[in-house]
Amino acid sequence: MSVFYIKYKRERGLFMFTAEKIQSLNELELEVYGYIMQHKNAISYMRIREVATEAHVSTTTVLRFCKKMGCDGYAEFKLKMKEYNKQKSIHKISENLSEIKAFFERLETEKFQSKLEEAAAMIAKMERVLFTGIGTSGHIGQYGARCFTNIGKFSLCISDPYCPINMQETENTVVIVLSVSGETGQTIKIVNALKRCNCKIISITNTESCTISKLSDINISYYITMHQDEEHTDYTSQVPAVSIIESLSNKIRNRLIEE
C-alpha cells in the first residue's frame, strides 16, 4: 500500500478512530464514542444537540470529541462519518478462488519444490524448530509447531510479541517466521533477536521483497492479493501458508524415515 494511498484514506476520514485518538478521550468523550459506534448509520443525519442528548453529555463535549478525531467541527465529522459508513458498507471479501488455484499450480512447479526441499533439508538436521508470528500468523505458527511435533520434530511457537528472547543453546535451532506483509514491527524485532542468537531463519511471506525476507536465510513467498480494511483488519487467505507448512512437514517426515 503506497504512502499516497494511506494519506488519501486518512484525508477521506477512514482513519478517524485510531487507537491513539481513542486513548486521548476522557470519560465523557468515551460516552460520545460509544454512542457513535452503536449508531454509526444514524449520526450523519443527527444534529449535534441530538447526539449530546442521547449520549448524556453537553454539546461542548461532542465538539471536543470531533476535534480529537481530527475534524474542525461537528459538520465535518458528519461528512467523514458518511464516507466512513460508505466505505465500510462496500468492503466485501472476495470469494474468487482463482488466486488460490494459481498458488497450488506454482506449488507444484520444480522451482517452488526446490525451495521447499532446501528448507526441509535445513529443518531436518536441526534439533529445535521455533515458529513465530503475530496475530493470525501466530495461530498458524501454533498449528505448524503441532504438525512438526507430530512427526517427531521438537517444535515450539512464539506468538507473544513481548516474549523475552534469552536462548542459551542456539546452534541447532531454526526459526520459521510467518508474516503476510513481512513488515510487522513486532515480528521483525523477534527475528532480529533470534538472529543475534545465531538461529537459522526461514520465512514464509507473501512477497520476497519484504524486510523479513531480507533477514532470512531462506524465504518462501506465495504471492496472493493482500486484503485489509480501513481499520487494518487482515482478511488475506492463510491457505498458502498452511499448505507450505504441511508440505514442509511431509518432506521432513520422509527425510527422517529415509535416515
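By the ring-pairing rule used here, the count comes to six aromatic pairs. Under that rule, rings of Phe, Tyr and Trp (its six-membered ring) pair if their centres lie within 6.5 Å, and planes under 30 degrees apart count as stacked, over 60 as edge-to-face and the rest as tilted. The pair Phe65 and Phe77 is edge-to-face, because the ring centres are 5.6 Å apart and the planes stand at 75°. Phe65 lies in helix 6 (residues 59–68) and Phe77 in helix 7 (residues 74–90), so the pair ties together parts that are twelve residues apart in sequence. A second pair, Phe103 and Phe112, has centres 6.1 Å apart and planes at 80°, so this pair is edge-to-face. Phe17, Tyr33, Phe65 and Phe77 form one aromatic cluster.

The model is predicted: local features need pLDDT of at least 70 and side-chain atom pairs count only at pLDDT 80 or more, while totals for chains, interfaces and linings use all residues. Residues are numbered from 1 along each chain as its sequence is written, and side-chain values use heavy atoms, with hydrogens and water left out.

**Helices**

Helices (H or I, at least four residues) and strands (E, at least two) are DSSP runs, numbered from the N terminus. Buried means under 20% relative accessible area, exposed over 50%, and partly exposed in between (1.4 Å probe, protein chains only). In helix 6, the buried residues are Thr61, Val62, Phe65 and Cys66. Seen down the axis of helix 6, these fall within an arc of 140°, so they line one face of the helix; the arc is that of the directions from the helix axis to the C-beta atoms. Phe65 has a relative accessibility of 0%, and Phe77 has a relative accessible area of 0%. Just after helix 6, Gly70 takes a positive phi of about 90°.

Helix 8 (residues 98–107) has Ile100, Phe103 and Leu107 buried. Seen down the axis of helix 8, its buried residues fall within an arc of 55°, so they line one face. The face turned away from that buried side carries the exposed residues Lys101 and Glu105. The buried residues of helix 8 pack against helix 9 (110–124) and helix 13 (239–258), where contact means heavy atoms within 4.5 Å.

**Strands**

Strand 4 (residues 200–205) and strand 5 pair in the parallel sense over four bridges; two strands pair if DSSP finds at least two bridges between them. Thr205 stands opposite Ser221 in strand 5. Both faces of strand 5 (residues 218–221) are covered, with Ile218 and Ile220 buried on one side and Asn219 and Ser221 buried on the other.

**Charged and polar contacts**

The structure holds seven salt bridges, each a side-chain nitrogen of Lys or Arg within 4 Å of a carboxyl oxygen of Asp or Glu.

| Salt bridge | N to O distance |
|---|---|
| Arg47 and Glu50 | 3.8 Å |
| Glu117 and Lys251 | 3.1 Å |
| Arg128 and Glu127 | 3.5 Å |

Glu117 in helix 9 and Lys251 in helix 13 are 134 residues apart, and their pair links distant parts of the chain. Glu117 is partly exposed at 33% relative accessibility, whereas Lys251 is buried at 14%. Arg47 is exposed, with a relative accessible area of 59%, and Glu50 is partly exposed at 31%.

The side chain of Arg128 also has a polar contact of 3.0 Å with that of Thr173. A polar contact is a pair of N or O atoms within 3.5 Å; within protein, one must be able to donate a hydrogen and the other to accept it, and residues adjacent in sequence count only if both atoms are side-chain atoms. Thr173 is found in strand 3 (residues 173–179) and is buried at 1% relative accessibility.
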